[in-house]
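Thank you all for making the time this morning.

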Amino acid sequence: GYRCFKVSLFLLGFIFATLVTFVIINNHTTLPIWGLIAVSLAVGLFCGLLTTFVTYCGLFLGGFAFGFFIALAGFFVVEFFYHITIKWIPFGILLGLSLLLGLLTLRFQKPLFIMATSMVGGVLLCGGIDYFMEGYLLLEYTWHRIVAGHQLIDHCWITWVILGIWPLFFVAGIIVQFAKTGRRYNHRAGMLVLQLTVFD
């Protein structure tokens, strides 16, 4: 969260770079699985350090992820009413909204970074539960929404409960960070201002 600002920057860069590298290499090389994991972790470590020490890169990446997941949530809602068949529409919306919120996060750093970390936390928790409960069913469904595929989600109540965890923890993360953990903290001033504010 926002209170552990540098740690959040590192994790955003590490997770994003590791996953993207793994997906790209897995589809274009014949490396063994341990090679894929090693290369992905190395790239993730480098990007994590980059986003930690270059704060604006981390803030932009946080906003980028925030926009990406908001667009995905929008695709879930739209799918109830209309099935998108043109492949460039999801890509354009994802890229446009991600870039927009990435740039806005550079301007409105604290509120949007709090929302971004809450969103990413909710997504990771939802993805982990989806893996253990249904073997990445939601992940496959999400991928088909990105590429304008035709896979439909099963009407099992467990799937909808898992999907409902995402907005629930997103809202909970925002409330906790705005009300408690991030209220008296400012990443630009650092911990000294936090301590002075607490003891005043």
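Let me start with a question: leaving aside its neighbours within four places in sequence, which residues is Glu-134 in contact with? Before I answer, please keep in mind that this is a predicted model, and that the values I quote are computed from it. The residues in contact with Glu-134 are Ile-129, Ile-158, Thr-159 and Ile-162. Glu-134 itself is found in helix α5, and with a relative accessibility of 23% it counts as partly exposed. Although Glu-134 and Ile-158 are 24 residues apart along the chain, their C-alpha atoms are separated by 8.7 Å.

From there I would like to turn to the nonpolar core. The largest one has 32 residues, and those that touch the most other members are Phe-5, Phe-66, Phe-69, Leu-72, Phe-113, Met-119 and Trp-166. Two or more residues of this core come from each of the helices α1 (5-28), α3 (55-79), α4 (88-107), α5 (109-134), α6 (137-146) and α7 (157-181). Among these, α3 gives the most, with nine residues. As a general remark, nonpolar side chains in soluble globular proteins tend to be buried together.

Let us stay with Trp-166 for a moment, which counts as buried at 8% relative accessibility. If we set aside its neighbours within four places in sequence, Trp-166 is in contact with Phe-69, Leu-72, Ala-73, Phe-76, Met-119, Gly-122, Val-123 and Cys-126. One of these, Cys-126, also counts as buried, at 7% relative accessibility.

The next topic is the aromatic rings, for which the count comes to 10 pairs. Phe-68 and Phe-69 have ring centres 5.5 Å apart and planes at 80°, so this pair is edge-to-face. Of these two, Phe-68 is partly exposed, with a relative accessible area of 25%, whereas Phe-69 counts as buried at 17% relative accessibility. Phe-76 and Trp-166 form another edge-to-face pair, with 6.1 Å from centre to centre and 90° between the planes. That pair links distant parts of the chain, since Phe-76 lies in helix α3 and Trp-166 in helix α7, 90 residues apart. Phe-76 is buried, with a relative accessible area of 10%. Taken together, ring pairs link Phe-68, Phe-69, Phe-76, Tyr-141 and Trp-166 into a cluster.

The charged end of Arg-145 sits over the ring of Tyr-141, 4.5 Å from its centre, and the charged end of Arg-107 sits over the ring of Phe-108, 5.1 Å from its centre.

The side chain of Ser-98 reaches the backbone nitrogen of Phe-68 at 3.2 Å. Not counting residues up to four places away in sequence, Ser-98 touches Gly-63, Phe-64, Gly-67 and Phe-68.

I will end with the cysteines: how many disulfides does a search of the whole structure find? The search finds zero. For Cys-57, the closest cysteine sulfur belongs to Cys-47 and is 9.5 Å away, which is too far for a bond, because a disulfide needs the two sulfur atoms within 2.5 Å. Cys-57 is partly exposed, with a relative accessible area of 34%.

Note on methods. Residues are numbered from 1 along each chain as its sequence is written. This is a predicted model: local features need pLDDT of at least 70, side-chain atom pairs count only at pLDDT 80 or more; totals for chains, interfaces and linings use all residues. Side-chain values use heavy atoms; hydrogens and water are left out. Buried means under 20% relative accessible area, exposed over 50%, partly exposed in between (1.4 Å probe, protein chains only). A nonpolar core is a set of buried Ala, Val, Leu, Ile, Met, Phe, Trp, Tyr and Cys residues joined through side-chain atoms within 4.5 Å. Helices (H or I, at least four residues) and strands (E, at least two) are DSSP runs, numbered from the N terminus. Contact means heavy atoms within 4.5 Å. A polar contact is a pair of N or O atoms within 3.5 Å; within protein, one must be able to donate a hydrogen and the other to accept it, and residues adjacent in sequence count only if both atoms are side-chain atoms. Rings of Phe, Tyr and Trp (its six-membered ring) pair if their centres lie within 6.5 Å; planes under 30 degrees apart count as stacked, over 60 as edge-to-face and the rest as tilted. A charge sits over a ring if NZ of Lys or CZ of Arg is within 6 Å of the ring centre and within 35 degrees of the ring normal.
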